[in-house]
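Biologist: I'm new to this one. Can you walk me through some of the helix packing?
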Amino acid sequence: MDSQKKYPRAFSFEFFPPKTAQGMANLRAAWQQLAQLKPRFFSCTYGAGGSTRDHTLDTVLEIQAAGHKAAPHLSCIGAARDEIAATLELYRSKGIDHLVALRGDLPSGAASAGELRYANELVTFIRQRTGDHFHIEVACYPEFHPQARSARDDLEHFKAKIDAGADAAITQYFYNIDSYCRFIDDCAALGIQVPIVPGIMPIANFSQLARFSDACGAEIPRWLRLKMQSFGDDAASVRSLGLDVVTDLCGRLLSAGAPGLHFYTMNQAGLTSTIWQRLGI
Ligand code: FAD
């Protein structure tokens, strides 16, 4: 873990673009509350094939207009080079200089995978088109991406994104700290030298989290899964154990030398703020 200790700590909060006016009002209340914690930046996800482009941009611009740093995500799957270039120009024209660059996942039934197949090709494309304008974050997977042929392959594909010009990385969420610490050491051994910030998923709705984790390859430890399942509809117990487990994970990550935390807030300030207060950051 020593390789990460040289980077200053950065905290960030991720949102998804709401589809309704009520969703937007809820998100506004959430980011305004979380802004008091003075994160390094906020980020907003991007639907595959550009399906949320306008909502992603609106969300980022609203946060930016209030004087905070905000980074849109940008995915390349299903998109043509010209479309991606137009989005980059739009972002640049709005004063955005920070991006999270991803491949994304092809929606079922989508006709074409697009012109850039993997995120490293997107990072190369962004650097070719816009030079050093954007600070680029990419994704990485301490428990490995579900489509990776092997752990080694996945690490090398992560390195290809850094070699293409990414400045930093955010991990998929995980609940087993060993996976992150070993991943960091493997990255250092491969010569990857960027901050790798752990992605943190607070636990709100357990059955939803379990479904999502199965799909994205994040492992929920057996003891935690069984305990959570035993709570059934008792939301207060789910929340209480989730807060204990995630706060403990965050505290141990920071003590071990993680260069910050990136919270998947699910557009709610409550759990993230409580974890933050308990950590005494
Ligand atoms: P890549 O780095 O391209 O990797 C995808 C898979 O392909 C991996 O298995 C990798 O090992 C493999 N691979 C890479 N290069 C090659 C190669 N040259 N040859 C063969 N195999 C290769 N999704 C969204 O749609 N919108 C978002 O806003 C969004 N935000 C996210 C933010 C974070 C922090 C994270 C962790 C994920 C996010 N995702 C988002 C999900 C992400 O799009 C998916 O996990 C997707 O399946 C992989 O994206 P990637 O950028 O990691 O892909």
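Modeller: This is a predicted model. Helix 7 (residues 206-216) packs with helix 8 (residues 222-230) at an angle of about 145 degrees. Their axes are 10 Å apart.

Biologist: Which residues meet there, in helix 7 and helix 8?

Modeller: Helix 7 brings Phe206, Ala210 and Asp214. From helix 8 come Arg225, Met228 and Gln229. By class, that contact has 3 nonpolar, 1 polar and 2 charged residues.

Biologist: Is the crossing of helix 7 and helix 8 left-handed or right-handed?

Modeller: Left-handed.

Biologist: Next pair. At what angle do helix 9 and helix 10 cross?

Modeller: Roughly 50 degrees, for helix 9 (residues 235-256) and helix 10 (residues 270-279). Their axes come within 10 Å. The two helices are therefore oblique to each other. Helix 9 passes helix 10 in a right-handed crossing.

Biologist: And which residues meet in that pair?

Modeller: On helix 9, Arg239, Leu243, Asp244, Val246, Thr247, Cys250 and Gly251. They meet Leu271, Thr274, Ile275, Arg278 and Leu279 of helix 10. The residues of this contact divide into 6 nonpolar, 3 polar and 3 charged.

Biologist: Switching to helix 4. How many residues does it have?

Modeller: Helix 4 (residues 119-130) has 12. From first C-alpha to last it reaches 16 Å, close to the 16 Å expected. Gly131 follows, with a positive phi near 55 degrees.

Biologist: Which residues of helix 4 are buried?

Modeller: Ala119, Leu122, Val123, Phe125, Ile126, Arg127 and Thr130.

Methods: Residues are numbered from 1 along each chain as its sequence is written. This is a predicted model: local features need pLDDT of at least 70, side-chain atom pairs count only at pLDDT 80 or more; totals for chains, interfaces and linings use all residues. Side-chain values use heavy atoms; hydrogens and water are left out. Helices (H or I, at least four residues) and strands (E, at least two) are DSSP runs, numbered from the N terminus. The expected span of a helix is 1.5 Å times one less than its number of residues. Buried means under 20% relative accessible area, exposed over 50%, partly exposed in between (1.4 Å probe, protein chains only). Axes are lines fitted to C-alpha atoms, for helices over the stretch in contact, and angles run from 0 to 180 degrees between N-to-C directions. A crossing is left-handed if the near helix is turned anticlockwise from the far one by less than a right angle, and right-handed if clockwise. Contact means heavy atoms within 4.5 Å. Ala, Val, Leu, Ile, Met, Phe, Trp, Tyr, Cys and Pro count as nonpolar, Asp, Glu, Lys and Arg as charged, and the others, Gly among them, as polar. Angles under 35 degrees count as roughly parallel, over 145 as roughly antiparallel, 65 to 115 as roughly perpendicular and the rest as oblique.
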